[in-house]
Structure formats: structure tokens, C-alpha cells
Amino acid sequence: MRDTAARRLPWTVCAEPFDSPDAWALLREYYTEVADRYYELHEGRRATPEEIAEGLAGYPKDHLTPPDGVLLVARCGEAAAGCAGVRLLDERTAELKQLFVRVPHRGLGGAGGLLLAAETAAAGMGAERIRLDTRLDLVEAVALYRRHGFVEIAPYHDDVYAEIFFEKRLNGPGGPGPLG
């Protein structure tokens, strides 16, 4: 059972620069976790520090910067506990990137709050829908997206690591809402 004091801490979500210390630490933890899970599944090993560094170095930093993108950082109390990125693919379509909550903060509502904040940010950028891709071994993520109204769609790009694609319609500039 989670610490009851942690359950009472307020969650806040704010945009932060991609290279802020908290944002960068969260993105590094995200990348390490998904890389480790991939390599453990496919090669029976964890990612090497060199593979992590190479993956992070190759990530396009301008994807999550205004005006066409944002990196959101969630805090549980004062602690940076998770992140989510949103970027515009076109004027009506946003993409969710790097949704992540640190292990000690999982199960406390942070992922759902980040997802709602990402949907609101996407709608604020003018998007009518938000898309994402993920891997099938990230079962927690797949379940989260389905639980929050995302529906499976055909692939919208050909990234070798993307195995399943989702989309959710948004209600316009006011924020996310039910499919209508």
C-alpha cells in the first residue's frame, strides 16, 4: 500500500523547458525505463549507458518547445514526479510523447492528471485530436490510454518501435471531452 501522506500531496502540472534539470532527469528516467524493458524483452539484457546516451542525444529537442509543442512536468507536492510531451503534427492533430510517472509516484493519480493536462494543452494549440504510439509490452500504458477514451487507429508513421497507435478526439480550445 502506498504511503497515505503521499496520497494527500497535491498534484500540479506546469510547462517547463525541455532542458530544465527536473525535465531532463524525468526524460532520462523515461528513456531508460522503456529502453531497459525493450532490451530485456528482446535481448535478455538491460540497455547500456552508451545506448541511453545515444538515444537521448538523438531526440529532437525542438519537438516539445512552443509554439508547436510543450513539455509538462507533474509534481506531487514539491517532487518532480512525471512528465508528458505534446507536439503538433499538423494544425488539427497533436501527438502525445513521453508520458511517464516515476515509480514511487505510480498509482497515485499522476498519469491520469498528466494525460488530461496533455489533452488540454493540445486543444489549446488548436488540435482537434491527439494521437500516440506505444509498444505492446508497455501494458500499463496501453491500459491507461484505453481507460481514458483513446481508440486504436491505423499506424500514422513507420517507427520501428511503435506497435500500437491510438487517437482521441478533443472538444476544441476549451479542452478535452467525450467523443461526439
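**Exercise 1.** In which loop is Asp-137 found? Then decide: is Asp-137 buried or exposed?

*Solution.* Start with the setting. This is a predicted model, where local features need pLDDT of at least 70, side-chain atom pairs count only at pLDDT 80 or more, and totals for chains, interfaces and linings use all residues. Residues are numbered from 1 along each chain as its sequence is written, and side-chain values use heavy atoms, leaving out hydrogens and water.

Step 1. Asp-137 sits in the loop between β5 and α5. Helices (H or I, at least four residues) and strands (E, at least two) are DSSP runs, numbered from the N terminus.

Step 2. Recall the cut-offs: buried is under 20% relative accessible area, exposed is over 50%, and partly exposed lies in between (1.4 Å probe, protein chains only).

Step 3. Asp-137 has 18% relative accessibility, so Asp-137 counts as buried.

**Exercise 2.** Work out which residues of helix α5 are buried.

*Solution.* Step 1. Take residues 139-147. Ala-141, Val-142, Leu-144 and Tyr-145 are buried.

Step 2. Look down the axis of α5. These residues fall within an arc of 160° (directions from the helix axis to the C-beta atoms), so they line one face of the helix.

Step 3. Turn to the face away from the buried side. It carries the exposed residues Val-139 and Arg-147.

**Exercise 3.** Check the span of α4.

*Solution.* Step 1. The rule is 1.5 Å times one less than the number of residues.

Step 2. α4 has 15 residues, so it should span 21 Å.

Step 3. The end C-alpha atoms of α4 are 21 Å apart, which agrees.
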